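Student: Could you show me how to read helix packing and disulfides in a model like the one below?
Tutor: Gladly; let us take one feature at a time.

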Amino acid sequence: MKGRLSHVVFCAFAAASALCVSAALSGCDEVASLFQSGKNPQNVAELCDGKHTGRHAAYQSVIDEACRKLKDAESSNSRLREQSESLGNTGEILTAEVQSVRGRAEKRIAEKDAKIRELSVQNRSLSVKLADAEKRLNTETARSACAYRKGVSAEQFIKKCISLSPDDMFIASAIRDAKKNRDCAFVSEVYEKLAGKSAVWAKMLGREYDPKYSQNICFKADKKKAESWYGRAK
């Protein structure tokens, strides 16, 4: 505000000086001094308080013009101050609103993160249960596929059972049941199919021929054959 008032005072002083030169009136120095004192806005305001008489009366129009400009400047400054205060209040409101929105957003993010963690735990639990259920299902499927059934050829059994990579105990159980039914063709073919690829089954076939263990069911004790299959198992 001081900058604008000083500008107004300067303009009024210039106008007064011009009037003095034009009219060649006396007392110009005193009026000039009066306007120069207007560098302090309070002095300018005091200058505008009332009408001037005497030697100053001749410059009343100049003084009135300066006072009008002063009032315009004060009015403009007041509006600017009000606008500034309004903008300040608006800024505070917007800042508060932004903080509120941010707070709500952070709360929602935290809630979603907590929900995601909860779902992750549930998902891991379900995954474990699913894997366990799948394992049990595969076991039961293999158990069923590898069960000996009279009339089923060794080729069919191998195609249906071995493709599932079953537990060896399921196959051993099928061979045992086939022996009970004297289905030696089935037993021999399954043994040879497995023993040719697996050291475990080669060793088991060797025991079938080994005189120490042979029960002479489907396989007659034969020491040489036993040693041959034992050799393949190494």
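**Reading helix pairs and disulfides**

Tutor: H6 and H8 run roughly parallel to each other (angles under 35 degrees count as roughly parallel, over 145 as roughly antiparallel, 65 to 115 as roughly perpendicular and the rest as oblique). This is a predicted model, in which local features need pLDDT of at least 70 and side-chain atom pairs count only at pLDDT 80 or more, while totals for chains, interfaces and linings use all residues. Residues are numbered from 1 along each chain as its sequence is written, and side-chain values use heavy atoms, leaving out hydrogens and water.

Student: At what angle do helix H6 and helix H8 pack, and how far apart are their axes?

Tutor: Helix H6 covers residues 168–180 and helix H8 residues 199–209; the angle is about 25 degrees and the axes are 12 Å apart. Helices here are DSSP runs of H or I, at least four residues, numbered from the N terminus. Axes are lines fitted to C-alpha atoms over the stretch in contact, with angles from 0 to 180 degrees between N-to-C directions.

Student: How do H5 and H7 cross?

Tutor: Helix H5 (residues 154–161) and helix H7 (residues 184–195) have axes that come within 9 Å and cross at roughly 45 degrees. That angle makes H5 oblique to H7. Their crossing is right-handed. On the H5 side you will find Ala154, Glu155, Phe157 and Ile158, meeting Phe186, Glu189, Val190 and Lys193 of H7. Sorted by class, the contact of H5 with H7 holds five nonpolar, no polar and three charged residues.

Student: How many disulfides does a search of the whole structure find?

Tutor: Two, where a disulfide is a pair of cysteine sulfur atoms within 2.5 Å. One joins Cys146 to Cys161, with 1.8 Å from S to S. The torsion about its S-S bond is about 90 degrees, so this disulfide is right-handed. Cys146 sits in the loop between helix H4 (60–145) and H5, and Cys161 in helix H5, so the pair ties together parts 15 residues apart in sequence.

Student: Are Cys146 and Cys161 buried or exposed?

Tutor: Cys146 is buried at 1% relative accessibility, and Cys161 is buried at 0% (buried means under 20% relative accessible area, exposed over 50%, partly exposed in between, with a 1.4 Å probe and protein chains only).

Student: What about Cys184 and Cys218?

Tutor: These two are joined by a disulfide, S to S 2.0 Å. The link of Cys184 and Cys218 is left-handed, with -80 degrees about the S-S bond. Cys184 belongs to helix H7 and Cys218 to the loop between H8 and helix H9 (223–233), so the pair ties together parts 34 residues apart in sequence. Cys184 is partly exposed at 26%, and Cys218 is partly exposed at 21%.

Note on methods. Helices (H or I, at least four residues) and strands (E, at least two) are DSSP runs, numbered from the N terminus. A crossing is left-handed if the near helix is turned anticlockwise from the far one by less than a right angle, and right-handed if clockwise. Contact means heavy atoms within 4.5 Å. Ala, Val, Leu, Ile, Met, Phe, Trp, Tyr, Cys and Pro count as nonpolar, Asp, Glu, Lys and Arg as charged, and the others, Gly among them, as polar.
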